[in-house]
Amino acid sequence: MIINLYDNNERLAYNPNTMKNAGVGGTQTTIINVAKELAKRGHDVTVYIKCNFPDIYDGVKYYQYYDYKPLSEDILIGFESLPRTYSAEKVFNWSTRIAVE
């Protein structure tokens, strides 16, 4: 399957090496780990984030979130955001925030 993960949060520029060397937040850790595990299972995985060094890490392609273009992906997973246009067969919005009253 072709699976794209998308997060347009601009607060932190990162890649998997940032997680190993300096640390990142929970959402970023989730994105990196989910992408890596999906790629291990043979899926074609691309991550669109605020990536400070776009490249291929652990079999996953990392690009800037603003470089996303609608493709014929099977699944698009947005992390609290989705691109304006997409053509995925299935779309999920993964929220990591907890509502507190």
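Tutor: Lys and Arg count as positive here, and Asp and Glu as negative. The model is predicted.

Student: How far apart do the centres of the positive and negative side chains lie in the protein chain?

Tutor: Take the two sets in turn. The protein chain carries 11 positive side chains and 12 negative ones. The centres of these two sets are separated by 3 Å.

Student: Which pattern do the helices and strands follow along the sequence?

Tutor: The protein chain has two helices and six strands. Read in sequence order, they give β-α-α-β-β-β-β-β.

Student: Why does the radius of gyration agree with a compact globule?

Tutor: A compact globule of 101 residues would have a value near 13 Å. The protein chain agrees, because its radius of gyration is 13 Å.

Student: Are the rings of Y57 and Y62 stacked or edge-to-face?

Tutor: There are seven aromatic pairs by the ring-centre rule. In the pair Y57 and Y62, the centres lie 5.5 Å apart and the planes stand at 80 degrees. Planes over 60 degrees apart count as edge-to-face. Therefore Y57 and Y62 are edge-to-face.

Student: Is F79 buried or exposed?

Tutor: F79 sits in strand β5 and W94 in strand β6, 15 residues apart. Their rings are stacked, with centres 5.1 Å apart and planes at 25 degrees. W94 is partly exposed at 34% relative accessibility. Buried means under 20%; F79 has 2%, so F79 is buried.

Student: Which residues form one aromatic cluster?

Tutor: Look to the tyrosines. The cluster consists of Y6, Y48, Y63, Y65, Y66 and Y68.

Notes
Residues numbered from 1 in each chain as written. Predicted model: local features only at pLDDT ≥ 70, side-chain atom pairs only at ≥ 80, totals over all residues. Heavy atoms only, no water. Helix = DSSP H or I, 4+ residues; strand = E, 2+ residues; numbered from the N terminus. Rg over C-alpha atoms; globule rule 2.2 N^0.38 Å. Charge placed at Lys NZ, Arg CZ, Asp CG, Glu CD. Phe/Tyr/Trp six-rings, centres within 6.5 Å; stacked < 30°, edge-to-face > 60°. Buried < 20%, exposed > 50% of the residue type's maximum accessible area, 1.4 Å probe, protein only.
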